Amino acid sequence: MIHHLIPRVLAKLLIPFILLFGLYVQFHGDFGPGGGFQAGVIFAAGIILYALIYGLQAAQSVIPARLVAALMALGLLIYAGVGVATMMLGGNFLDYDLLDSHDPVHGQHLGILVIEFGVGVTVAAVMITIFYQFAGRLHLVRDLEAESDGS
Amino acid sequence: MNWEALIDIMLLALLLLVAIGIVRLRNLFAVVLLAGIYSLLMALVFTLLDAVDVAFTEAAVGAGVSTILSLGTLALIDSQREKIPSRFAFTPLLLSVATGALLIWGLSGMPEVGSPDAPAQLHVAPYYIEMTPVEIDVPNIVTAVLASYRGFDTLGEVAVVFTAGVGVMALLGSIPAVYSRGRRRRQPDAERADT
Amino acid sequence: MEWLGHYNYWFFAVLMSIGIYITMSRGNLVKKVVGLNIFQASVFLLYISAGKIWGGTAPIIEEGLSRPFSNPLPHVLILTAIVVGISTTALGLALVVRIRECYGTIEEDEILEAEAEFEADLARSGNP
């Protein structure tokens, strides 16, 4: 597809910073506004921008749809896994106090970090998947149309 | 003069204008863009009401991803204009006005916006605000409540997001059985022959 | 601000009625989804307004801060609600796309018409 030069250059400049900002929001969520939900959406927005400017195929060669689908489940599993881990350690489901045997507050820090990571992975993967599905449908419909016109 | 309140009123008035614009416009492209503006204004209101985390999410989700998805849908459904109905429907107008009036009447029993001694401020919130530095020790109380005090709740929300992703994959991932441009009717004979 | 009173709540009620009105009166499915979003966002406004304390600040702990914090609980509830909201919106839009593919239209009355015709065809062709 033909694209304009200025959006292409600007996107190339912006995307690394969008992804970096996503990571910042992810891991700085304990200290300022932010957290897994926002970080996931921002990270996905960076990928979606890439797909909009450079085409769906280019984006899918960077982040394959199968990988994203797996990540969708992985994030949820990380979250639930923390809960199971705390149960294994003899506490309640998602009781982070037990994650550090010396200091419950450190356990809380660790627990929040890990589950926020799980949230971020799932949300980013779901947003990218939804976008891939919509954009992929557009390509599919166009291909089918071209086929039916040709026949 | 309380500037916070003044800005609040102006932003809410703008929100109302945008919502009326969405009702009146028939061009779907304009409606979708106005919905994005609506979300952005809502994010500003949230910032003013001290909900910075919520404003952040609303700006990223409502004005960003949601608009992209709606535009993608418009590209797929290939129609830009809403059909003008043949006659004006009174029942929805009556019902929505009645609902709004009932709500305003009911909400007048609520404590005023921003009063520190409202019941909502006295129940569990003081516990979260006091105990977060002791029990969790992260500066952002919203994160502490979200991830720790109400971690089970958030797990459920993540599961809902996951399910929605799977749902969209199920709906849009399959190849349409028969595809033809324009209006297509299901053909009973062909369908029965299949079964 | 004393005279402000329930201003935010009134706006919530009006925006919510507009959302309901769009959802009920418009036959276009995309517009229905947008109406639902307006409805949803107005409920967010109600929650966040209920948590606000005038003169308060965002609930992020900082050294030497004397102002009270606004209630963090509604923020948590609405934060997750927004992300669930976009998920359901995406699902709704995906359904709209499939309906368009099946019926060739996204206007409610035309879909009902096509359904009625389909039923009539079935009856005419002597379905058991």
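Biologist: Let me begin with chain A: of its contacts with a separation of 6 or more, what percentage comes from residues 24 or more positions apart?

Modeller: The share is 62% of those contacts. Keep in mind as we go that this is a predicted model.

Biologist: Which kinds of elements make up chain A, and how many are there?

Modeller: Chain A has 5 helices and 0 strands. Read from the N terminus, its order is α-α-α-α-α.

Biologist: How does the radius of gyration of chain A compare with that of a compact globule of 151 residues?

Modeller: Chain A has 20 Å, whereas a compact globule of 151 residues would be near 15 Å. As for burial, 42% of the 151 residues in chain A are buried.

Biologist: Which residues touch the most other members of the largest nonpolar core?

Modeller: That core has 127 residues, and the ones touching the most other members are Val41(A), Ala44(A), Met127(A), Phe131(A), Tyr38(B), Leu15(C) and Leu45(C). Helix α5 of chain A, residues 104–150, gives the largest share of this core, with 15 residues.

Biologist: Could we follow one of them? Which residues does Met127(A) contact, leaving aside its neighbours within four places in sequence?

Modeller: Within chain A, Met127(A) is in contact with Gly40(A), Val41(A) and Ala44(A). Met127(A) also contacts Val65(B), a residue of chain B.

Biologist: Now for the contact between chains C and B: how many residues does each chain give?

Modeller: Chain C gives 82 residues and chain B gives 89. On the chain C side, α1 (7–25), α2 (29–51), α3 (72–103) and α4 (108–124) each supply at least two residues. Of the elements of chain C, α3(C) gives the most to that side, with 24 residues. By type, the side of chain C that touches chain B holds 50 nonpolar, 22 polar and 10 charged residues.

Biologist: And how many residues are in the contact between chains C and A?

Modeller: There, 6 residues come from chain C and 6 from chain A. The chain C side of this contact has 5 nonpolar residues, 1 polar and no charged.

Biologist: Where in chain B is confidence lowest, and where is it highest?

Modeller: Helix α9 (residues 188–194) of chain B is lowest, at a mean of 44, and helix α2 (residues 28–48) of chain B is highest, at 94. Over residues 180–195 of chain B the pLDDT is below 50. Where pLDDT is low, the predicted coordinates should not be read in detail. For chain B as a whole, the mean pLDDT is 84, and 89% of its residues reach 70 or more.

How values were computed. Residues numbered from 1 in each chain as written. Chains lettered and ligands numbered in written order. Predicted model: local features only at pLDDT ≥ 70, side-chain atom pairs only at ≥ 80, totals over all residues. Contact = placed C-beta atoms within 7 Å. Helix = DSSP H or I, 4+ residues; strand = E, 2+ residues; numbered from the N terminus. Nonpolar A, V, L, I, M, F, W, Y, C, P; charged D, E, K, R; others polar. pLDDT = per-residue confidence, 0-100. Rg over C-alpha atoms; globule rule 2.2 N^0.38 Å. Buried ≥ 20, exposed ≤ 12 C-beta atoms within 10 Å, placed from the backbone. Core = buried A, V, L, I, M, F, W, Y, C linked by C-beta atoms within 7 Å.
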